[in-house]
Amino acid sequence: MQVRELNGKDAADYYELRLEALLTNPDAFLTTYVQEKQRPDPIPTTADRLDNDLSRTFGLFSDGKLSGVVTLVKETHPKYLHKANIVAMYVTPSIRGSGGGEMLMNEVMQFAKAIRIELLHLSVVTENKAAKRLYAKVGFKTYGTEKHAVKLEKRYLDEEHMECFLT
């Protein structure tokens, strides 16, 4: 397995993995599969997002196939330039437990340090025990829980807010 930064040329592969993620783990993402499928021109839009200077997306490749992703979104307010958010983390089920998620997180955290980010934030559904274990393993700590953070048709999901100081 290897990790590298993605760019616009990876848009089609990223989009396919994104659709898989939304079908496989719908509670882990705010966007739904239906919403994603309804987006006009998804590949060019995805390419633009992957080439955006305010975020960086890293991909995990297993046997040459994109099998995991994580995105770092930098804050833009001058007083928040030392912070960034981790979003859209996903590893395909067939390679979960193989260390790929940790590789992705380590790569995005090293990149964040290199661009002088001091503090990373992320949110994770409280029921997602595997993700919470991964984030704790790489140094994230919970600083709060938001009850009813996400409202689904017949239930709510709580989210843990986690942080990792890189300095």
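**Figure 1. The exposed and buried sides of helix H5.** On the face of H5 turned away from its buried side sit the exposed residues Lys129, Arg133 and Lys137. Here exposed means over 50% relative accessible area, buried under 20%, and partly exposed in between, computed with a 1.4 Å probe on protein chains only. Please keep in mind that this is a predicted model, in which local features need pLDDT of at least 70 and side-chain atom pairs count only at pLDDT 80 or more, while totals for chains, interfaces and linings use all residues. Residues are numbered from 1 along each chain as its sequence is written, and side-chain values use heavy atoms, with hydrogens and water left out. Helices (H or I, at least four residues) and strands (E, at least two) are DSSP runs, numbered from the N terminus. H5 spans residues 129–137, and its buried residues are Ala131, Lys132, Leu134 and Tyr135. These four lie on the same side of H5 because they cover an arc of only 160° around the axis, the arc being that of the directions from the helix axis to the C-beta atoms. Ala130, also in H5, is partly exposed at a relative accessible area of 46%.

**Figure 2. What the buried side of H5 packs against.** The partners of the buried H5 residues are strand S4 (83–91), helix H4 (100–114), strand S5 (119–125) and strand S7 (156–165). Contact means heavy atoms within 4.5 Å. Just after H5, Gly139 takes a positive phi of about 115°.

**Figure 3. The largest nonpolar core and a second, separate one.** A nonpolar core is a set of buried Ala, Val, Leu, Ile, Met, Phe, Trp, Tyr and Cys residues joined through side-chain atoms within 4.5 Å. The largest one has 28 residues, and those with the most contacts inside it are Ile86, Met105, Met109, Leu120, Tyr135 and Phe140. Two or more residues come from each of strand S2 (55–62), strand S3 (65–74), S4, H4, S5, H5 and S7. H4 gives the largest share of this core, six residues. A second, separate core has 13 residues, including Leu6, Leu17, Phe61 and Tyr90. As background, nonpolar side chains in soluble globular proteins tend to be buried together.

**Figure 4. Where helix H1 crosses helix H3.** The axes of H1 (residues 11–24) and H3 (residues 42–50) come within 9 Å and cross at roughly 105°. Axes are lines fitted to C-alpha atoms, for helices over the stretch in contact, and angles run from 0 to 180 degrees between N-to-C directions. H1 and H3 are therefore roughly perpendicular to each other, a label for angles of 65 to 115 degrees; under 35 counts as roughly parallel, over 145 as roughly antiparallel and the rest as oblique. From H1, Ala11, Ala12, Tyr14 and Tyr15 meet Pro42, Ile43, Thr46, Ala47 and Leu50 of H3. The contact divides into eight nonpolar residues, one polar and no charged. In this count Ala, Val, Leu, Ile, Met, Phe, Trp, Tyr, Cys and Pro are nonpolar, Asp, Glu, Lys and Arg charged, and the others, Gly among them, polar. Ala11 counts as buried at 2% relative accessibility. Leaving out residues up to four places away in sequence, Ala11 touches Ile43, Thr46, Ala47 and Leu50. Ala11 and Leu50 are 39 residues apart in sequence and 7.2 Å apart in space, C-alpha to C-alpha.

Figure 5. Arg18 lies in H1 and counts as buried at 13% relative accessibility. Neighbours within four places in sequence aside, Arg18 is in contact with Phe29, Thr31, Glu36 and Ala88. Thr92 belongs to the loop between S4 and H4 and is buried at 11% relative accessibility. With its neighbours within four places in sequence left aside, Thr92 is in contact with Leu17, Glu20 and Ser67.

Figure 6. Most residues other than glycine have a negative phi. Ala88, in strand S4, has a positive phi of about 55° although it is not a glycine. Its relative accessibility of 21% makes Ala88 partly exposed. Arg116 is found in the loop between H4 and S5, with a positive phi near 65°. At 70% relative accessibility, Arg116 counts as exposed.
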